[in-house]
Amino acid sequence: MIAHGLKHGRSLEGTAGWFGSIGFRRPMVQAVASAVVETGAGAALLTGAGTPLAAAAVVGTMGVAAKTVHAPNGFFITGEGYEYVLNLAAASVALAGLGPGRFSVDRALGLDRKLRGGLVAVAAAGLGLAGAAGQLAAFWRPPQPKPVSPGKGSS
């Protein structure tokens, strides 16, 4: 997630162009948001800081990616399908449920026992999916296929 976010951040103009091409309104806002959220959520998961919220951010990001880019291509990543983004989201939910671990910021703050378990995993998944749904509803309009002009001889 960190690497992907940094890649988006280093090429904001190109990332914004890409977001616009797949149907997002305010593509520069989307580019900046993706760079910040992907980098921040990745760093938070890596350090175990606010693990359930970081996991929710990953779920939301992957939910948007799955819906807008990968779902139409089927399951397998080899065909640009949603396999990989689903795995990243599932791993993040599992991490939210298992907890941040011994060498985490959450543990150092004494929050690790409160921030784990089945309900935490469900909350992370639900919050992430709700965030994805909100972003899609507010900003995404699927590109419409261009009408095909009837050729000669068609009625």
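A: Start with H4 and H5. From H4, the residues Thr51, Pro52, Ala55, Val58, Val59, Met62, Ala65, Ala66 and His70 take part in the contact. They meet Val85, Leu88, Ala89, Ser92, Val93, Leu95 and Ala96 of H5. By class, this contact of H4 with H5 holds 13 nonpolar residues, three polar ones and no charged ones. This is a predicted model, so every value here is computed from it.

Now the geometry of that pair. The axes of H4 and H5 come within 8 Å. They cross at roughly 165 degrees. Angles over 145 degrees count as roughly antiparallel, so H4 is roughly antiparallel to H5. The crossing of H4 and H5 is left-handed.

The largest pocket holds about 780 Å³ of space. Its lining has 37 residues. Closest to the centre of the pocket are His8, Glu38, Thr61, Met62 and Ala65.

Which helices supply the lining? At least two residues each come from H1 (2-10), H2 (12-21), H3 (27-47), H4 (51-70), H5 (83-98) and H7 (118-139). H4 gives the largest share, 10 residues. By class, the lining has 20 nonpolar, 14 polar and three charged residues.

Move on to H1 and H3, which both supply lining residues. The axes of H1 and H3 lie 7 Å apart, and the helices pack at an angle of about 155 degrees. That angle makes H1 roughly antiparallel to H3. Their crossing is left-handed. On the H1 side, the contact is made by Ile2, His4, Gly5, Leu6, His8 and Gly9. On the H3 side, it is made by Ser34, Ala35, Glu38, Thr39, Gly42, Ala43 and Leu46. Sorted by class, the contact of H1 with H3 has five nonpolar, seven polar and one charged residues.

H3 has another partner, H2. H2 and H3 pack at an angle of about 120 degrees, with axes 8 Å apart. That makes H2 oblique to H3. The crossing of H2 and H3 is right-handed. H2 brings Leu12, Glu13, Thr15, Ala16, Phe19 and Gly20 to the contact. H3 brings Pro27, Met28, Gln30, Ala31, Val32 and Ser34. The contact of H2 with H3 counts seven nonpolar, four polar and one charged residues.

Last, step back to the protein chain. It has seven helices and zero strands. From the N terminus on, its elements run α-α-α-α-α-α-α. Along the principal axes, the C-alpha atoms fill a box of roughly 75 × 30 × 30 Å.

Technical notes. Residues are numbered from 1 along each chain as its sequence is written. This is a predicted model: local features need pLDDT of at least 70, side-chain atom pairs count only at pLDDT 80 or more; totals for chains, interfaces and linings use all residues. Side-chain values use heavy atoms; hydrogens and water are left out. On a 1 Å grid over the protein atoms alone, a cavity is a set of points where a 1.4 Å probe fits but cannot get out, and a pocket is an open set with protein on both sides within 12 Å along at least five of seven lines; lining residues have an atom within 4 Å of a point. Grid points are joined across faces, edges and corners, and a volume is the space filled by probe spheres set on the points. Helices (H or I, at least four residues) and strands (E, at least two) are DSSP runs, numbered from the N terminus. Ala, Val, Leu, Ile, Met, Phe, Trp, Tyr, Cys and Pro count as nonpolar, Asp, Glu, Lys and Arg as charged, and the others, Gly among them, as polar. Axes are lines fitted to C-alpha atoms, for helices over the stretch in contact, and angles run from 0 to 180 degrees between N-to-C directions. Angles under 35 degrees count as roughly parallel, over 145 as roughly antiparallel, 65 to 115 as roughly perpendicular and the rest as oblique. A crossing is left-handed if the near helix is turned anticlockwise from the far one by less than a right angle, and right-handed if clockwise. Contact means heavy atoms within 4.5 Å.
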